[in-house]
Amino acid sequence: MSVFGMRTSNPAFSSYFWGKKKSYSRAKMSLSGIVFKSFLMLCLVALTASYTWKIFFEGTDIKWYTTLGAFVAIVASLFISFKHNLAKWLLPIYALAKGFFLGGISAYAHKRFPGLPLQAIAVTITTFFVMLFLFKTRLIVVTRQFRAIVITASITIFTIYIISWILSFFGIHLSFIYGTSNFAIAFNVVAAIVASFSLLLDFYYIERQIGKAPKTREWLATWGFLITLIWLYVEVLRLMKKLAIRF
């Protein structure tokens with residue numbers, strides 16, 4: 001069962017990428033390869049995030065760093081989506097650009113609520129290992145119905161975000177999403193939960209492709225993890241910020 005032709009909420013793990021294609025490479029995807037590439041890309045994210053954080057507290061206006069970082073990351077992701085053979089070259093650009101964005105929003109959050117980004121990072125890391133434990137022990141089984149629910153929820157959430165982003169250009173801000181009302185907080189909670197469950201889908205598809213897919217697909221797997229982890233961190237940071245304002 002799939003939704004819009006995708007078997008996972010993460011575009012990096014859709015049938016478009018994981019469909020059966022002939023490969024003349026003997027090297028196959030390995031867990032160590034994915035872990036190494038993921039660690040390397042996270043270091044790049046941390047590099048630009050730290051730089052943006054540093055210049056912000058030195059008095060530099062980082063609005064354009066944050067905005068352009070988000071824009072470049074989106075463009076890089078779009079190119080990877082349609083030209084997945086370029087993932088090896090575009091993923092570092094995506095990671096560096098995303099770092100500028102994350103560094104910006106984290107610096108703003110820290111200025112108002114000291115220590116909040118570090119707490120969000122701790123929650124994100126903890127959630128990652130909890131989801132990995134639940135997946136490996138099969139306490140949560142990734143069934144077709146489970147995948148369908150997570151996919152549908154993810155598409156709905158991203159559609160709402162895209163619509164709200166477009167409306168913002170016309171001066172229309174959806175307070176029921178970005179405000180601190182009970183509904184806004186509940187929406188954030190749901191988004192964070194869906195992002196967490198998306199990790200299970202990522203684990204599921206990577207597990208099925210280890211030793212089967214060409215080794216070059218490790219770059220796509222890494223891209224997929226970055227998308228999910230960053231989404232989870234942003235949702236957690238946003239939720240914690242709302243709770244701090246509200247309570």
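Helices (H or I, at least four residues) and strands (E, at least two) are DSSP runs, numbered from the N terminus. The model is predicted: local features need pLDDT of at least 70, side-chain atom pairs count only at pLDDT 80 or more, and totals for chains, interfaces and linings use all residues. Residues are numbered from 1 along each chain as its sequence is written, and side-chain values use heavy atoms, with hydrogens and water left out.

**Overall make-up**
- The chain contains 9 helices and 0 strands.
- Of its 247 residues, 47% are buried (under 20% relative accessible area; exposed is over 50%, partly exposed in between; 1.4 Å probe, protein chains only).
- Contact means heavy atoms within 4.5 Å; among contacts between residues at least 6 apart in sequence, 85% join residues at least 24 apart.

**Nonpolar core**
- A nonpolar core is a set of buried Ala, Val, Leu, Ile, Met, Phe, Trp, Tyr and Cys residues joined through side-chain atoms within 4.5 Å.
- In the largest such core, of 60 residues, Tyr94 and Phe203 touch the most other members.
- At least two core residues come from each of α2 (31-56), α3 (63-82), α4 (87-112), α5 (116-136), α6 (144-168), α8 (182-209) and α9 (218-246).
- Helix α9 gives the largest share, 16 residues.
- Not counting residues up to four places away in sequence, Phe203 touches Phe128, Met131, Leu132, Phe135 and Phe225.

**Helix α2**
- Its buried residues include Gly33, Lys37, Met41, Val45, Thr48, Thr52 and Phe56.
- The buried residues of α2 pack against α3, α4, α8 and α9.

**Thr127**
- Thr127 is in helix α5 and is buried, at 16% relative accessible area.
- Leaving aside neighbours within four places in sequence, Thr127 contacts Ser196 and Leu232.

**Surface patch**
- Ile162, Trp165, Ile166, Phe169, Phe170 and Ile172 make a nonpolar surface patch of about 710 Å².
- Patch residues have over 30% relative accessible area and no salt bridge, with nonpolar side chains (Val, Leu, Ile, Met, Phe, Trp, Tyr) joined within 5 Å and like charges within 9 Å; a salt bridge is a side-chain nitrogen of Lys or Arg within 4 Å of a carboxyl oxygen of Asp or Glu.
- Ile172 lies in the loop between α6 and α7 (175-178) and counts as partly exposed, at 40% relative accessibility.

Notes: Areas by Shrake-Rupley, 256 points an atom, 1.4 Å probe, with all protein chains shown as cover.
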